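Please look over the chain shown below. A short report on its fold and local geometry follows.

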Amino acid sequence: MVYPRSIDPRRIVRIVDNKFEASNIRTIFFEDALCRKARPGQYLMAWIPGVDEVPLSLSTIDHNGLSAVTVKAVGKGTEALCEMRSGEYLGVRGPYGNWFNLVKGRIMIVGGGTGLAPLLPLTKALVELGSEVSFIAGGATKDDVLHLSEIQMLLNEQRHNLIVTTDDGSYGRGGTATDAFQDLLEGEENFDMIYSCGPEPMMRKVFDLSESHGLQLQVCMERIVHCSLGLCGSCVIGRFRVCKDGLILSSKQLREVADEFGVFKRGLDGRKTYF
Ligand SMILES: Cc1cc2nc3c(=O)[nH]c(=O)nc-3n(C[C@H](O)[C@H](O)[C@H](O)COP(=O)(O)OP(=O)(O)OC[C@H]3O[C@@H](n4cnc5c(N)ncnc54)[C@H](O)[C@@H]3O)c2cc1C
Ligand code: FES
């Protein structure tokens, strides 16, 4: 998806709220006319003044209100962003990238860790469309299952199904999100579309399981994103530039890059890094 330059200028937005999610995770709410028009699956480049610029998925898209990103502090950029308070200012570019193709029908969503962030606006849109949503939300511990109460609220109807998994068994079902996905498929559940976002090896397992059951998949891919404009090549997978051709890649596109997807990516220095 190519955007006219006129709609992606860098701009300064005011932080309206910094919500505690877990000890190292915050949701940063801000007001911005362009992010308000974003579609589920899109991301922005957040510039933390004097520190760095980092890519982040939009976790809240309210067409009439606030937008938000949910950030895990893993380094200097994300740590500084998590510490920013209401009333402080942030630079943003975007929204960038393509978006999830919304399908009405029986839907399965498999998410893990910070990958749950873009799945929140997706779930909202699918529920509004009238889809029947099964959602497997995984994390290492309960704290890592982002947006759990928001997801529970959205799926608070009998036709939906929410399964929470934690690696340490501290909440929900013990084990991984992909174990739960495999069990559902072996129980001969059928779905019109699978959506997934999370660590790439997790999405690879979701891809392999979907392929073996003849199910269509859309993944929200994260690679190293620097320019976000298709110029620097840091985000490349096969012939795709994730920042521009993605973040959302379909089953057909994933088949093309099957020797790379979940196997290796380009590291910060551009070299191959194996998962
Ligand atoms: C499209 C996209 C969407 C993302 N959405 C989210 C989100 O919603 N929430 C969230 O918490 N995180 C998200 N991330 C990851 C986030 O961008 C990185 O954690 C962040 O850039 C790290 O920067 P840092 O300065 O804090 O840490 P650094 O010390 O610079 O790096 C720590 C680690 O983060 C990763 N990283 C560093 N720079 C980048 C980069 N430019 N692009 C991708 N990964 C990088 C590397 O693995 C690195 O080892 C997303 C990444 C991408 C590419
Ligand atoms: S981030 Fe530069 S080409 Fe994708």
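Where is the place of P95? P95 sits in strand β6, residues 89–96. Strands here are DSSP runs of E with at least two residues, helices are runs of H or I with at least four, and both are numbered from the N terminus.

## Basis of the model

This is a predicted model: local features need pLDDT of at least 70, side-chain atom pairs count only at pLDDT 80 or more, and totals for chains, interfaces and linings use all residues. Residues are numbered from 1 along each chain as its sequence is written, chains are lettered from A and ligands numbered from 1 in the order in which they are written, and side-chain values use heavy atoms, with hydrogens and water left out.

## Overall form

The protein chain has 7 helices and 17 strands. Its radius of gyration is 18 Å, close to the 19 Å that the globule rule gives for 275 residues, so the chain is as compact as a globular protein of that length. That radius is taken over C-alpha atoms, and the rule is 2.2 Å times the number of residues to the power 0.38. Along the principal axes, the C-alpha atoms fill a box of roughly 50 × 40 × 35 Å.

Of the 275 residues, 52% are buried. Buried means under 20% relative accessible area, exposed means over 50%, and partly exposed lies in between (1.4 Å probe, protein chains only). The chain exposes about 12300 Å², and carbon and sulfur atoms supply 50% of that area. Accessible areas come from the Shrake-Rupley method with a 1.4 Å probe; for residues, only the protein chains shown count as cover. Among contacts with a separation of 6 or more, 65% join residues 24 or more positions apart. Contact means heavy atoms within 4.5 Å.

## A helix pair

Helix α4 covers residues 177–186 and helix α5 covers residues 200–212. They pack at an angle of about 10 degrees, with axes 10 Å apart. The two helices are therefore roughly parallel to each other. Angles under 35 degrees count as roughly parallel, over 145 as roughly antiparallel, 65 to 115 as roughly perpendicular and the rest as oblique. Axes are lines fitted to C-alpha atoms, for helices over the stretch in contact, and angles run from 0 to 180 degrees between N-to-C directions.

From α4, T178, F181, Q182 and L185 meet M202, K205, V206, L209 and S210 of α5. These residues divide into 5 nonpolar, 3 polar and 1 charged. Ala, Val, Leu, Ile, Met, Phe, Trp, Tyr, Cys and Pro count as nonpolar, Asp, Glu, Lys and Arg as charged, and the others, Gly among them, as polar.

## Backbone details

A cis peptide bond joins G94 and P95, with omega about 5 degrees. A cis peptide bond also joins G246 and L247, with omega about 15 degrees. L247 lies in the loop between α6 (242–245) and β15 (248–250).

H147 is not a glycine, yet it has a positive phi of about 60 degrees. H147 lies in the loop between β8 (132–139) and α3 (148–154). H147 is buried, at 3% relative accessible area. S228, also not a glycine, has a positive phi of about 70 degrees. S228 is in the loop between β12 (217–220) and β13 (236–237). S228 is buried, with a relative accessible area of 3%.

## Around P49

P49 lies in the loop between β3 (43–48) and β4 (52–61). P49 is partly exposed, at 39% relative accessibility. Leaving aside neighbours within four places in sequence, P49 is in contact with M84 and Y89. P49 and Y89 are 40 residues apart in sequence and 8.2 Å apart in space, C-alpha to C-alpha.
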